[in-house]
Amino acid sequence: MKAGVRALGVAESYRDGGARSTFAAAVVRADRVVDGLAYDSCTVGGTDATDAVVSLLADLDRPDVRYVLLGAVAPAWYNLLELSRIHEAADRPVIAVTFEESDGLESGIRDAFSGEERQRRLERYRSLPPRRELSVNDETVYVRASGLEAERVDEVVRGFTPEGGRPEPVRVASLAARAADGYRADEGKPPDESDG
């Protein structure tokens with residue numbers, strides 16, 4: 001992959017007890033240069049995560065970005081992302097990369113929700129593109145994609161993963177989300193008396 005090709009990575013961070021989860025988007029070139037950041041949030045246990053990602057895309061307004069890489073499909077306690085809607089809003093391929101083996105989310109959704117809330121999440125989950133395993137740098141990740149054939153998905157994920165198994169745009173977005181979450185958690189705390 002050419003060094004100047006850009007991808008936008010999206011990741012979230014959540015601190016126990018909060019009602020909101022922090023999203024960060026990072027524009028990262030294939031040569032690992034960070035080229036932009038944006039922030040938003042969504043409701044923990046809500047259904048607004050897709051809106052937050054679409055908002056990040058609009059805020060950054062980066063026509064030079066070729067791919068969108070998501071670090072989750074069910075952030076913020078089953079606030080499921082709609083890859084097809086994000087693909088439509090982005091007008092470029094969307095790839096969700098997750099990092100843990102799983103039997104799926106249906107049983108967790110069934111245990112955590114009931115009635116219409118359960119049904120809406122199950123429908124959204126079932127509408128996701130199929131998940132498949134991918135070997136990257138001797139590690140295993142799991143990918144779903146909208147708007148890109150499997151062979152190209154593999155090239156993109158590997159091209160943006162210079163080491164380990166986490167694509168650089170997702171890794172940087174995750175760091176940024178955690179930092180923003182930490183900053184927000186520290187807001188309003190009295191200054192340390194030792195600061196003089």
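This note sets out numbered points on a predicted model, for a reader new to structures of this kind.

1. **The largest pocket.** The volume of the largest pocket is about 570 Å³. Its lining consists of 26 residues. Those that lie nearest the centre of the pocket are Gly71, Ala72, Val73, Ala74 and Thr98. A student may wish to find these five on the model before reading further.

2. **What the pocket is lined with.** Which elements supply the lining of the largest pocket with at least two residues each? Strand E1, residues 6-13, is one of them, and helix H7, residues 168-186, is another. The largest share comes from E1, which gives 4 residues. Sorted by class, the lining has 14 nonpolar residues, together with 6 polar and 6 charged ones.

3. **The cavity.** The structure also holds 1 cavity of 30 Å³ or more. In general terms, a probe the size of a water molecule, rolled over the atoms, shows where empty space is left. The volume of the largest cavity is about 30 Å³. Around the largest cavity stand Gly46, Thr47, Tyr78, Asn79, Leu80, Arg120, Arg121 and Arg124. Helix H5, which covers residues 115-126, gives the most to this lining, namely 3 residues. By class, the lining of the largest cavity divides into 2 nonpolar, 3 polar and 3 charged residues.

4. **Salt bridges at Arg6.** The structure holds 19 salt bridges. In one of them, the side chain of Asp35 meets that of Arg6, with a distance of 2.5 Å from N to O. This pair links distant parts of the chain, since Asp35 belongs to strand E3 and Arg6 to strand E1, 29 residues apart. Is Arg6 buried or exposed? Arg6 counts as buried because its relative accessible area is 19%, and the limit for that class is under 20%. Asp35, by contrast, is partly exposed, at 26% relative accessibility.

5. Asp64 is partly exposed, with a relative accessibility of 31%. The side chain of Asp64 meets that of Arg62 in a further salt bridge, at 2.8 Å from N to O. Through shared partners, Arg6, Asp35, Arg62 and Asp64 are joined by salt bridges into one network.

6. Val34, Leu37 and Tyr39 make a nonpolar surface patch of about 270 Å². Leu37 belongs to strand E3, which runs over residues 34-43. With a relative accessible area of 43%, Leu37 is partly exposed.

7. Ile95 lies in strand E5, residues 94-98. What is the relative accessible area of Ile95? The value is 0%, and Ile95 is therefore classed as buried. Although Ile95 and Arg144 are 49 residues apart along the chain, their C-alpha atoms are separated by 5.7 Å.

8. **Backbone angles worth checking.** Most residues other than glycine have a negative phi. Trp77 is not a glycine, yet it has a positive phi of about 55 degrees. Trp77 is found in helix H2, residues 75-78, and it is partly exposed, with a relative accessible area of 48%. Asp91 likewise has a positive phi, near 55 degrees, and is a residue other than glycine. Asp91 is placed in the loop between helix H3 (83-90) and E5. Is Asp91 buried or exposed? Asp91 is exposed because its relative accessible area is 68%, and the exposed class begins over 50%.

Methods. Residues are numbered from 1 along each chain as its sequence is written. This is a predicted model: local features need pLDDT of at least 70, side-chain atom pairs count only at pLDDT 80 or more; totals for chains, interfaces and linings use all residues. Side-chain values use heavy atoms; hydrogens and water are left out. On a 1 Å grid over the protein atoms alone, a cavity is a set of points where a 1.4 Å probe fits but cannot get out, and a pocket is an open set with protein on both sides within 12 Å along at least five of seven lines; lining residues have an atom within 4 Å of a point. Grid points are joined across faces, edges and corners, and a volume is the space filled by probe spheres set on the points. Ala, Val, Leu, Ile, Met, Phe, Trp, Tyr, Cys and Pro count as nonpolar, Asp, Glu, Lys and Arg as charged, and the others, Gly among them, as polar. Patches are made of residues with over 30% relative accessible area and no salt bridge: like charges are joined within 9 Å, nonpolar side chains (Val, Leu, Ile, Met, Phe, Trp, Tyr) within 5 Å. Accessible areas come from the Shrake-Rupley method with a 1.4 Å probe; for residues, only the protein chains shown count as cover. A salt bridge is a side-chain nitrogen of Lys or Arg within 4 Å of a carboxyl oxygen of Asp or Glu. Buried means under 20% relative accessible area, exposed over 50%, partly exposed in between (1.4 Å probe, protein chains only).
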